[in-house]
Amino acid sequence: MNSAPGPLLAGLTARARAAAHARSPACPCGAATLADRPDGTVVRHADTVAKAHPLDATPAGLTSRLTLAARHPAILLPPLDPTPVDLHGRLVTFWPYGSPVDPGDPDAAPWEAAAALLARLHRIPAPENMPVMRGPAKAARAVARLREAGPHPAVAPVLRAWATLPPWARAEAPMPHTGTLCHGDLHLGQLVRHPAADGPWLLIDVDDLGVGVPAWDLARPAAWYACGLLPPGEWTRFLTAYQEAGGPAVPAEGDPWPALDVPARALTAQTAARAVAKAVAAGRPLDEVEQSVVEACDRMATVPPQLVQEYAK
């Protein structure tokens, strides 16, 4: 039996309905919970989405991120209102609905669109009040959860790989070269089409948006490629599109890995830490994909990273 929704989810659902009806009195209605996690609860009512942001989101930081999204609607999905509201102690924002990437059609994955959007984002002059990109902090939280998860044979190789990273990649020191706008958590789930039917691809989720090392935004697909989880052809499509769009994270020609190595290692450790913590909590063995990222961590721990954090522009 499903339990009744908590006050946050119930209140968010009601707010989404009210916002949708304010936008269109002839609303066709239809509600859905798109996500309900500690780091974010998202509900949809017709063509309106309401999101409750993480508990550690601050009004100033989130408003800066929302303002940036509103100013660049050809790159980031713009909010319906750039000012968050409070609901049960959580900051809430409202957005138009966009069609997500179809996980059942990997051949249609918009790698080129994702790369071009990142390149354009990375070239926007960063506002003076922009907060720091939160990618390393999220990776550090994943490793902290791993330490708390309990004993497991995979814990040691992940922590060894994590220990090889420079302090900035572990959120223990400031990031170098923090003058570039970064998304902070790029993966294909962070793209939607808007208008939903046939509009252009746009980036979503501003929670980690900020200034930092732009190679971090390329690090997840780079890590998947290095672990054998992303086919070489798809990685090449993504990297080439980013370079052709003038992205500053890597050189236009030549070896991109001096810039990508440290962020890709950090994302591999983060992915492995989350996987192992979830497996321990569920009392189940690692699946094949999870085991592959743990094995990558084991290999990483024996080879020092290339300590060139950002391509010198």
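**Stop 1**

Select Cys-182. In this predicted model, Cys-182 has 0% relative accessibility, so it counts as buried. Now look for disulfides: the structure holds zero. Cys-297 is in no disulfide either, and the nearest cysteine sulfur, that of Cys-227, is 7.4 Å away. Is Cys-297 buried or exposed? Cys-297 is buried, because its relative accessibility is 0%.

**Stop 2: the five-stranded sheet**

Show the strands in the order β1-β2-β3-β5-β4. They form an open sheet with antiparallel pairing. Which strands stand at the edges? They are β1 (31-37) and β4 (85-87). Each has a single partner strand, so one side of each lacks a neighbour in the sheet. On average, neighbouring strands here are turned by 25° against each other, direction ignored.

Zoom in on β1 and β2 (residues 40-45). Six bridges join these antiparallel strands. Pick Arg-37, and you will find Gly-40 of β2 opposite.

**Stop 3: the three-stranded sheet**

Move to β6, β8 and β9. They make an open sheet in the order β6-β8-β9, again with antiparallel pairing. Its edges are β6 (99-100) and β9 (201-203). Strand β8 (residues 191-193) pairs with β9 over three bridges. Here Leu-191 stands opposite Leu-203. Helix α3 packs on this sheet, touching β8 and β9, and its direction makes about 50° with that of β9.

**Stop 4: the nonpolar core**

Keep Leu-203 selected. What does Leu-203 touch, leaving out residues up to four places away in sequence? Its contacts include Ile-75, Leu-117, Leu-121, His-183, Leu-186 and Leu-191. Leu-203 and Leu-218 have the most contacts inside the largest nonpolar core, which has 83 residues. Helix α8 (residues 257-282) gives the largest share of this core, 11 residues. A second, separate core has 11 residues, among them Leu-8, Ala-19, Ala-50 and Phe-94.

**Stop 5: helix α6**

Select residues 216-226, helix α6. Why is α6 called largely enclosed by the rest of the structure? Eight of its 11 residues are buried. Trp-216, Leu-218 and Arg-220 are among the buried ones. The cover includes α3 (111-122), α4 (135-149), β7 (180-182), α7 (232-244) and α8. After α6 comes Gly-228, with a positive phi near 80°.

**Stop 6: salt bridges**

The whole structure has 15 salt bridges.

- Arg-134 and Asp-56: the side chains meet at 3.4 Å, N to O. Arg-134 is in the loop between α3 and α4, and Asp-56 is in the loop between β3 and α2 (59-71), 78 residues apart. Arg-134 is buried at 16%, whereas Asp-56 is partly exposed at 43%.
- Arg-237 and Glu-112: the N to O distance is 2.7 Å. Arg-237 lies in α7 and Glu-112 in α3, so this pair ties together parts 125 residues apart in sequence. Arg-237 is partly exposed at 27%, and Glu-112 is partly exposed at 36%.
- Asp-208 and Lys-138: this salt bridge spans 3.2 Å, N to O. Asp-208 lies in the loop between β9 and β10 (210-212), and Lys-138 in helix α4. Asp-208 is buried at 2% relative accessibility, and Lys-138 is buried at 12%.

Finish by selecting Asp-56, Arg-134, Lys-138, Arg-141, Asp-185, Asp-208 and Arg-220. Salt bridges with shared partners join these residues into one network.

Notes: Residues are numbered from 1 along each chain as its sequence is written. This is a predicted model: local features need pLDDT of at least 70, side-chain atom pairs count only at pLDDT 80 or more; totals for chains, interfaces and linings use all residues. Side-chain values use heavy atoms; hydrogens and water are left out. A nonpolar core is a set of buried Ala, Val, Leu, Ile, Met, Phe, Trp, Tyr and Cys residues joined through side-chain atoms within 4.5 Å. Buried means under 20% relative accessible area, exposed over 50%, partly exposed in between (1.4 Å probe, protein chains only). Helices (H or I, at least four residues) and strands (E, at least two) are DSSP runs, numbered from the N terminus. Contact means heavy atoms within 4.5 Å. A disulfide is a pair of cysteine sulfur atoms within 2.5 Å. Two strands pair if DSSP finds at least two bridges between them. Axes are lines fitted to C-alpha atoms, for helices over the stretch in contact, and angles run from 0 to 180 degrees between N-to-C directions. A salt bridge is a side-chain nitrogen of Lys or Arg within 4 Å of a carboxyl oxygen of Asp or Glu.
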